[in-house]
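Please keep the structure in view while I talk.

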Amino acid sequence: MSTIINLFGTGIRCWICEIPIHRYNQLKEVAAFHETTLDNILFDLEILQRLGYKHWKSIFAIEEINGFLIEERNKVEIKNGRSIISKFSANQILGREAFFKLYTTKEVDFKITNRPEHKYLLIGQKEIGSYKYKVETDTFEIEKLCFSFCKGINNENSVVTISYNNKSLKPIKTDTIIRSFFVNYISFR
């Protein structure tokens, strides 16, 4: 039997990029030549193609992160066939409003090994739409469902993985449109 987990609302898709300093400086020079910012150059597909990049996600990306924002207007729905098992606001995932946690969560962080002579950027896009996950089990137990979240991607909390019974789930369907883009410069102490 299938249990479906639907996420409705705003999500993010981003790439951690490890750019060699000489390539980073090249991008800055191109931005200065066009009298614009580096952020604008990163999202100008025409200029990127002239520099040999097909897309901003091909600029030395070392990891892709997909997330679903933990905020009140985002909704989570868990269905078994036509029956709704649970329906709640995404901000309830963290359980801050309750006396005890309603859902199993795990905080995760992305790890980057800082290499000298490289700049690190988080290049991403905000999306709005729906994300669908599927669990194949005879008896679904909500206690076995775990939402792994990351703090601070674009200064927001996001669910980055969903697992059931310690097995990571992959989205079976996404239906989203891009709303905006962002660049975060990652610094190391």
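This is a predicted model, and I will begin with its largest nonpolar core, which has 22 residues, those with the most contacts inside it being Ile5, Leu7, Val76, Leu145, Phe147 and Ile162. The elements that each give two or more residues to this core are β1, β3 (75-80), β6, β7 and β8. If we take Ile5 and set aside residues up to four places away in sequence, its contacts include Val76, Ile78, Tyr133, Leu145 and Ile162. Apart from this core lies another, of 19 residues, with Trp15, Ile19, Leu42 and Trp56 among them.

Let me stay with Trp56, which is buried, with a relative accessible area of 5%. Phe43, Trp56 and Phe181 form one aromatic cluster. The ring planes of Phe43 and Trp56 stand at 70 degrees with centres 5.1 Å apart, so that pair is edge-to-face. The rings of Trp56 and Phe181 have their planes at 75 degrees and their centres 5.1 Å apart, so this pair is edge-to-face. Because Trp56 lies in the loop between α3 and β2 while Phe181 lies in strand β10, the pair ties together parts that are 125 residues apart in sequence. Phe181 is partly exposed, with a relative accessible area of 41%.

Finally, the largest pocket holds about 450 Å³ of space, and of the 26 residues lining it, the closest to its centre are Ile65, Asn66, Gly67, Val160 and Thr161. The largest share of that lining, six residues, comes from β2, and by class the lining has 15 nonpolar, five polar and six charged residues.

Note on methods:
Residues numbered from 1 in each chain as written. Predicted model: local features only at pLDDT ≥ 70, side-chain atom pairs only at ≥ 80, totals over all residues. Heavy atoms only, no water. 1 Å grid on protein atoms, 1.4 Å probe; cavity = no way out; pocket = protein on both sides within 12 Å on 5 of 7 lines; lining within 4 Å. Points joined across faces, edges and corners; volume = space filled by probe spheres on them. Helix = DSSP H or I, 4+ residues; strand = E, 2+ residues; numbered from the N terminus. Nonpolar A, V, L, I, M, F, W, Y, C, P; charged D, E, K, R; others polar. Core = buried A, V, L, I, M, F, W, Y, C linked by side-chain atoms within 4.5 Å. Buried < 20%, exposed > 50% of the residue type's maximum accessible area, 1.4 Å probe, protein only. Contact = heavy atoms within 4.5 Å. Phe/Tyr/Trp six-rings, centres within 6.5 Å; stacked < 30°, edge-to-face > 60°.
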